[in-house]
Amino acid sequence: MRAYPIAEGIDWVGAIDWNLRDFHGYETPFGSTYNAYLVRGAEKIALIDTVKAPFVPELLARVSSVVDPADVDLIVVNHVEPDHNSGLRDVMAAMPNARVVASPSGVKGVAEYHDGLAVDAVTAEDVIDLGGRTLRFLPMPMVHWPDSMFTYCAESKTLMPNDAFGQHFACEERFADELGLDEALEQLGIYYANILLPLGTQVAKAVDKVLATGWEIDVIAPSHGVAWRGADIAAAIERYRRWTAGEKRDKAVVVYGTMWGSTAALAARAVDGLAQAGVEAALYDVAATPIAHLAYELLEAKALVLGSPTLHHGMLYRVSGLLTYLEGLHPAGRLAATFGSYGWGGGAIKQMRERLEKAGFEIYGEDLGVKFRPTAADLEAAEAWGRSIGEALKAR
């Protein structure tokens with residue numbers, strides 16, 4: 001295993017997790033990477049971030065392809081979450097002379113994760129000189145944990161912002177232009193929607209804070225996925241600005257669960273109605289679509305149209321699971337409408353409305369409920385209902 005140069009004096013020495021399929025409930029069908037970077041000056045060597053504990057041998061093999069791990073002088077902990085920090089002690093054992101630094105909050109986090117392990121704090125006032133190559137630090141609380149920190153190397157014009165600008169995507173390519181910019185931006189959006197969406201205000205401040213430094217940046221090297229360079233940096237920043245500002249387009253995401261096809265039939269006709277109103281509509285069966293993808297589809301949508309039949313006086317469990325997930329992301333500022341079918345008793349629509357309101361949605365006034373199998377008139381009503389939602393959405 002070899003290192004990969006990403007800038008002058010900086011090599012990627014991380015690990016690729018091809019088999020990761022779940023990241024605390026966020027489906028990751030393409031795996032992920034745990035990125036770490038070796039920065040070499042004339043006098044000292046620094047490792048920026050470590051990896052998840054099982055992948056330490058991979059990191060050390062890549063470091064060894066460039067230098068003897070025992071020659072590393074500094075380890076920077078940008079973030080204490082276990083996918084970056086759980087391997088810290090093992091890495092330290094291979095780098096016995098290395099000083100370890102973190103943000104002030106990160107110092108506390110390292111101690112809590114590693115049984116009192118003491119490391120040094122660095123702040124925005126600190127500069128560590130490696131010999132012709134320097135490291136500067138920007139603590140970034142709540143992007144996306146209190147301890148989060150960005151590290152910058154001025155001489156290589158490289159920003160290493162840990163989880164910011166990252167994507168859960170396993171690949172051999174190390175840059176967005178190698179992977180393909182469209183793919184990289186889509187993965188950036190999926191990551192943002194599922195990890196950073198509730199922290200949009202803090203993310204916006206972080207971007208402004210970095211720009212205010214006046215730092216020249218030729219490479220943004222995050223802790224997951226591919227790095228950004230050249231014109232792709234502006235493309236990634238523009239997406240972050242759009243998402244943090246809450247910009248949306250005339251789009252509705254129709255999601256449903258179904259038992260015997262009645263709710264599915266209503267969903268399809270509602271989509272027809274939305275299209276007639278000139279609204280972009282996407283249709284998903286919650287039983288067949290990863291929740292992480294649904295969160296991404298909602299990122300720039302103005303509305304969620306959610307349907308479920310009634311089972312045991314309530315909604316289907318997969319619909320309930322989606323709502324639990326969305327409550328954590330709190331995608332406020334969007335319209336929500338509910339529909340469904342029922343037999344001798346209802347309950348699903350009422351439950352969905354209550355949960356959607358709790359998650360921060362504005363509830364569309366009229367819901368759509370149909371008993372048993374929808375008739376031709378019911379399907380026409382579903383189409384008209386979808387059209388009315390589309391008209392309300394476009395008026396927002």
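This is a predicted model: local features need pLDDT of at least 70, side-chain atom pairs count only at pLDDT 80 or more; totals for chains, interfaces and linings use all residues.
The largest pocket holds about 360 Å³ of space. Its lining is made up of 18 residues. Met259, Thr310, Tyr342, Gly343 and Trp344 lie nearest the centre of this pocket. Two elements, helix H9 (262-276) and strand E21 (335-342), each give two or more residues to the lining. By class, the lining comprises 10 polar, 7 nonpolar and 1 charged residues.

The second largest pocket holds about 180 Å³ of space. This pocket is likewise lined by 18 residues. Nearest its centre lie Leu197, Trp243, Thr244, Gly246 and Arg334. Helix H7 (200-212) and helix H8 (231-244) are the elements that give two or more residues to the lining. H8 gives the most, with 3 residues. Here the lining divides into 9 nonpolar, 5 polar and 4 charged residues.

Two packed helices are described by the angle between their axes and the distance between the axes. For helix H10 (residues 291-298) and helix H11 (residues 317-329), the axes come within 11 Å and cross at roughly 50°. Angles between 35 and 65 degrees count as oblique, and H10 and H11 are therefore oblique to each other. Their crossing is right-handed. On the H10 side, the contact is made by Ile291, Leu294, Ala295 and Leu298. H11 contributes Gly321, Leu322, Tyr325, Leu326 and Leu329. The residues of this contact comprise 8 nonpolar and 1 polar, with no charged residues.

Technical notes. Residues are numbered from 1 along each chain as its sequence is written. Side-chain values use heavy atoms; hydrogens and water are left out. On a 1 Å grid over the protein atoms alone, a cavity is a set of points where a 1.4 Å probe fits but cannot get out, and a pocket is an open set with protein on both sides within 12 Å along at least five of seven lines; lining residues have an atom within 4 Å of a point. Grid points are joined across faces, edges and corners, and a volume is the space filled by probe spheres set on the points. Helices (H or I, at least four residues) and strands (E, at least two) are DSSP runs, numbered from the N terminus. Ala, Val, Leu, Ile, Met, Phe, Trp, Tyr, Cys and Pro count as nonpolar, Asp, Glu, Lys and Arg as charged, and the others, Gly among them, as polar. Axes are lines fitted to C-alpha atoms, for helices over the stretch in contact, and angles run from 0 to 180 degrees between N-to-C directions. Angles under 35 degrees count as roughly parallel, over 145 as roughly antiparallel, 65 to 115 as roughly perpendicular and the rest as oblique. A crossing is left-handed if the near helix is turned anticlockwise from the far one by less than a right angle, and right-handed if clockwise. Contact means heavy atoms within 4.5 Å.
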